[in-house]
Amino acid sequence: MVQKIKYSYRTPQFTIETSPNNSTWTVRGTVSTFTTTYQQFTIDLNALGLTNVYVRVRDTRASGAAERYIDDMSWTSTVGANNTIQIGLGSPITIGSLPYSTGTGQTTCGNGNNVTSSNAAVVCGSSSYYGAEDKTYIFTPTSTGIHNILLTTVSDDDAGIQLYQGCPLSGGTCIANSQSLSGLTRTLAPNLTNGVTYYLVVDNFPAPSCIGSYSLDINPPSACPTPTAVTAGSITQTTASITWSCTGCSGTYELDYGPNPHTAGTGTIITGVTSPYTLNPPLTPNTSYQVFVRQDCTGGGNGFSNWSSGATFTTLAPPPGNDDCAGAIVIPSTGPFPYTTSVVNNSSATNGSDPIPTCQSSSNKGVWYAFTPSVTGSYTLSTCVSDAPGTTISDGILAIYTAAGPCTAPYTSVACDDDGCVTSTLQSIVTTNLTCGTLYYIVASGYNANVGDIQLKITAPACTANLYTVTGGGTYCAGGSGVTVGLSNSDLCYNYQLFEGANPVGAPLAGTGAALDFGLQTTAGTYTVTATNAIDPSCNAIMTGSVGVAIQATPTANAGGNASVCSDATYTLSGATAANQSSVAWSTAGDGTFDNAALVNATYTPGANDITNGTVVLTLQANATSPCSGNVSSNMTLNIVPVATANAGSNASVCSDATYTLSGATAANQSSVAWSTGGDGTFDNAALVNATYTPGANDIINGSVVLTLQSNATSPCTGFVTSNMTLTIVPAASANAGGNATICETGSYTLSGAIAANNAGVTWSSAGDGTFSPNNTTLNATYNPGPTDITNGAAQLTLTATGNAPCGNAVSNMTLTLEAVPTANAGGNGGACASGKVLTGSVGGSATGGIWSTSGDGTFNPNNTTLNATYVSGPNDITNGTVTLTLTTTGSVACAADNDQVTYGISNGLPATPTAITGAPVSACAPAGPFTLSTTSAGATNINWYVAPGFNGVNF
């Protein structure tokens, strides 16, 4: 037969061996020189006498341990058959039957990079997962339907699985793949056909070079199919929409989500979901997640399906702070320039209200900046990497706008650029004239889906103030409107300050682009102007030249401050001044006179009308000196102060326990007043005209006191005047009803303890219904309680002493308590056992207890103060056969004790037993009963029972 070897990824040396029994091998040849994709070799089966033969191919590029068997195959061949031996699958594993599970600990390490993107007939999925060492599994399903394939890695090895129908190195067809740079599981759920051979290649991204440890499970169609095509969409910062497919599925699903990577079934499980499902726990922004889905077939008794292949997604990061206009990063107006902004990543930015640039409509995810230039001129704004090395976005757009108001649409485009950088970074640069003081918005965005770091560099023109000439100035007469000072021209965004010497004059004027007028200036001096940039104060200059302002003085007159003079004195106008005058003249509005009206410091004598009016206006006139004309005048008011007066008021009386307000006292024209006393009392405030006086002990004893009011003169007057009044002190009435008392309710009470003094008479009154004897105006009257008083148990008595004018009445109260008559009840007479009798005593009224006494020699138990004590008879009591007990009340304060007696007959047992009675005698004083009495008297027709004297309460 003719055989051929296929190769692709190196220049190998192959040794071909055959065996009739897969045990004893014979070398049949070596292939080391290749001129085509296939190298043929011939084995003469007839010569070997073989029909069924095992063939293996060994790579002998290196000797010893480096030699590897590339492929072992067996087939049935006939003479002349042309078969192809597949070289390059390493050591494939042929699976005998499904389900198949390798268990953990499988590895591709040491198996070689056998299936590559260059030797595979078809690349299944991404070619990136064909660059590491791999292992191939060959299986042939025995049933048609959805097969579940699960690869689980121990660590995140960037694994991928590629499923082929037919050998991948000889024209196999790609059926399905699951490849990812993250996660621990890869799943497939292909619909496979019975009897068709499939090749499953386990490979990974070139780094790491192999999968360190994994397990592989291949399961035939299940009654609970596994979901497929799990994807995550509509991703926000905290949510994602999860969708999946499931052929032949009818139940609900369980969803597993967790960090990427994680093993299916170990994350957070959500049950009873269907596709699509919004995952909103909420999620954490800017976080990578992995999600799996499996079908819940427990309702039909088929358990759960396998977990699907994991889908990964990353939640959006929060948008940058300058995502919209309101958060625009402010570029300082004064730089320093060139000025470079901080780096901002626009990956999580939103389009929001971003305007569409005029130079490129496909802008996306813009970030905002705000800039107000301090000078007008040409500015360059650039995101070029050569200018702003922090920029990494692969294709950026830069646009400049003005707005209707702060962050207020419409936005008007000023300049725009797309791909203006000279390098291949596709960044933007704008050079344009900007006006000082104007707010500009700069939006940097990406072209279509391009995102990344953005940095902006701004280059500004130098700030230089133009020099203009100060104009105006001159001389004016004092009191005039002054002269104008101005500037020949001005610039926008500059403030121009006028100075007189080193002193600023008024507020700065904003430049208008034309000449400025600082107005009329009235202060003499040299005037200059300084220009300062309104935004950048460091940019300033002194304008060219200066102008002077001079003043011709006018006459001044100052009559001096207002003053006062005593009505009996003269006043010298020593505070008056005049300047720049040719002469002065005093005049008066009153009837007084000047000693010399032409003197600035003349002396004035008030007239009679001045004194009556209390004031007069004096005028000083100063006449102008050429070249000024006219005159000026000044007034002063001279107050004429009258002398002080005092009146202490009329004599008066006051009660000794009261104070007296001197309301009748008056004072006038005084600076202050002061009261004094001829006694030992005190004033609440001696500096008050209507002070209040409290008499002292000696004042009360003396019965009167002299009070003096002193009125001190008001400046400029001097001295004082006084006035006296006599205050008579009347003793205050007093009353004392005496201490509280207690009497028996059947008695009366003499108020012998009551006292009163300094009064015009006394009166008694009662809060009850009793009467006073002989009357209620007698100080030591006797009070006789009434029925209501007795019922209430007390009466309040009030003594009122009528005071002598101007004194008031004195009142005093006492409480008279009425004690109820005590009562005693010793109980009813009767019989008593000698061994003890329980007493039934009781007390009433004001009695709080009682005490027992006996006419005999018995005792009380527990004591004789217990009302229900037990009386135990003494020997004499038993001998006498009777005893009298007396109960006497205790506890009353004002009433006599009450007593009551009770008499008991004493029995020590029954009389001697009659002969007619049989049986043992029974004591009637025994503690228990009833008792059965019996007799045996023979021939008796009547039997009479009797009780010994002293017994009672006995029933037959």
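This section describes strand pairing and aromatic contacts in a predicted model.

An open sheet of 3 strands, with antiparallel pairing, has the order 57-61-60. Its edges are formed by strand 57 (660–661) and strand 60 (682–683), each of which pairs on one side only. Strand 57 is joined to strand 61 (residues 692–694) by 2 bridges, the two strands running antiparallel, and within this pairing Thr661 has Thr692 of strand 61 as its bridge partner. Elsewhere, strand 30 (residues 377–382) and strand 33 run antiparallel and are joined by 6 bridges, with Thr380 standing opposite Thr431 in strand 33. Strand 33 (residues 429–434) presents Val430, Thr432 and Leu434 on a covered face, whereas Ile429, Thr431 and Asn433 lie on the uncovered one.

Across the whole structure, 20 aromatic pairs are found. Tyr129 and Phe205 form one of edge-to-face geometry, at 5.5 Å centre to centre and with 70° between the planes. Tyr129 belongs to the loop between strand 9 (100–101) and strand 10 (135–139), and Phe205 to the loop between strand 17 (198–204) and strand 18 (214–219), so the pair ties together parts that are 76 residues apart in sequence. Tyr129 is buried, with a relative accessible area of 6%, while Phe205, at 27%, is partly exposed. An edge-to-face pair is also formed by Tyr401 and Tyr411, with 6.5 Å centre to centre and 70° between the planes; Tyr401 lies in strand 31 (residues 396–405) and Tyr411 in strand 32 (residues 408–418), 10 residues apart.

Note on methods
Residues numbered from 1 in each chain as written. Predicted model: local features only at pLDDT ≥ 70, side-chain atom pairs only at ≥ 80, totals over all residues. Heavy atoms only, no water. Pairing = 2+ DSSP bridges. Helix = DSSP H or I, 4+ residues; strand = E, 2+ residues; numbered from the N terminus. Buried < 20%, exposed > 50% of the residue type's maximum accessible area, 1.4 Å probe, protein only. Phe/Tyr/Trp six-rings, centres within 6.5 Å; stacked < 30°, edge-to-face > 60°.
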